[in-house]
Amino acid sequence: MKSYKEVAEQFSESLSNLKYCSKSVIKTLTKISNEEVNNAKAVVSVIEERLKRVKPEGMLALMYLIDSICKNIRGPYNKLFEKELISNFGFVFQASDKKTFRSRLHELRKAWGDKYHVFTDQK
C-alpha cells in the first residue's frame, strides 16, 4: 500500500498533464483517482493546492476534474471536496474575468444539484 506522500507525488505528476479542458486527460485522472480511493485525501489535497497555483485558464480544467471525480466515483471524494467547495469555487470565480469562463462555472455548479446530487443541499 502506497503512503500518502507517494500518492500525492505520483498524482501531482499525473496532474501536470492537465493544462486545459481535455476530456481524455480528465478521464485518465478520474481513473487514477478511483484507483487511489483509499488515499482520497492525498488526491484532493493535490488538486486543491494546484487550483491555487495555476493561471485562471487552468482552473476551469481542475473544476471539471473535480466534477468528474465526484460524479463518477462519489464517496469519499464528494465529502472531501465539499469541505472547501465554497472557498475554492469563489476563488476560481474571482480569478476569472471572462464572461464565457464564468458562465461555464455557473453551468457546472447547476449540474451538481440536478440529477447528480453531487454535494449536499447546504453547499
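## Basis of the model

Residues are numbered from 1 along each chain as its sequence is written, and side-chain values use heavy atoms, with hydrogens and water left out. Because the model is predicted, local features need pLDDT of at least 70 and side-chain atom pairs count only at pLDDT 80 or more, while totals for chains, interfaces and linings use all residues.

## Helix 3 and its surroundings

Helices here are DSSP runs (H or I, at least four residues), numbered from the N terminus. Helix 3 covers residues 40-53. Its 14 residues should span 20 Å at 1.5 Å a residue, and this agrees with its end C-alpha atoms, which are 20 Å apart; the expected span is 1.5 Å times one less than the number of residues.

The buried residues of helix 3 (buried means under 20% relative accessible area, with a 1.4 Å probe and protein chains only) are A40, A42, V43, V44, V46, I47, E48, R50 and L51. Their cover includes helix 1 (4-15), helix 2, helix 4, helix 5 (77-83) and helix 6 (85-95).

## Helix 3 against helix 4

The axes of helix 3 and helix 4 (residues 56-72) come within 9 Å and cross at roughly 160 degrees. Such axes are lines fitted to C-alpha atoms over the stretch in contact, and angles run from 0 to 180 degrees between N-to-C directions. The two helices are therefore roughly antiparallel to each other, a term for angles over 145 degrees.

Where the helices meet, I47, R50 and L51 in helix 3 touch M59, L62, M63, L65, I66 and I69 in helix 4; contact means heavy atoms within 4.5 Å. By class, this contact has eight nonpolar, no polar and one charged residues. Ala, Val, Leu, Ile, Met, Phe, Trp, Tyr, Cys and Pro count as nonpolar, Asp, Glu, Lys and Arg as charged, and the others, Gly among them, as polar.

## Serine 33

S33 is located in helix 2 (residues 23-35). With a relative accessibility of 0%, S33 counts as buried. Neighbours within four places in sequence aside, S33 is in contact with F11, V43, I69, I73 and Y77.

## The loop between helix 4 and helix 5

R74 is found in the loop between helix 4 and helix 5. Although R74 is not a glycine, it has a positive phi of about 70 degrees. Its relative accessibility of 30% makes R74 partly exposed, a class that lies between buried and exposed (over 50%).

P76 also lies in the loop between helix 4 and helix 5. The peptide bond that joins G75 and P76 is cis, with omega about 0 degrees.

Definitions and conventions. Parallel < 35°, antiparallel > 145°, perpendicular 65-115°, else oblique.
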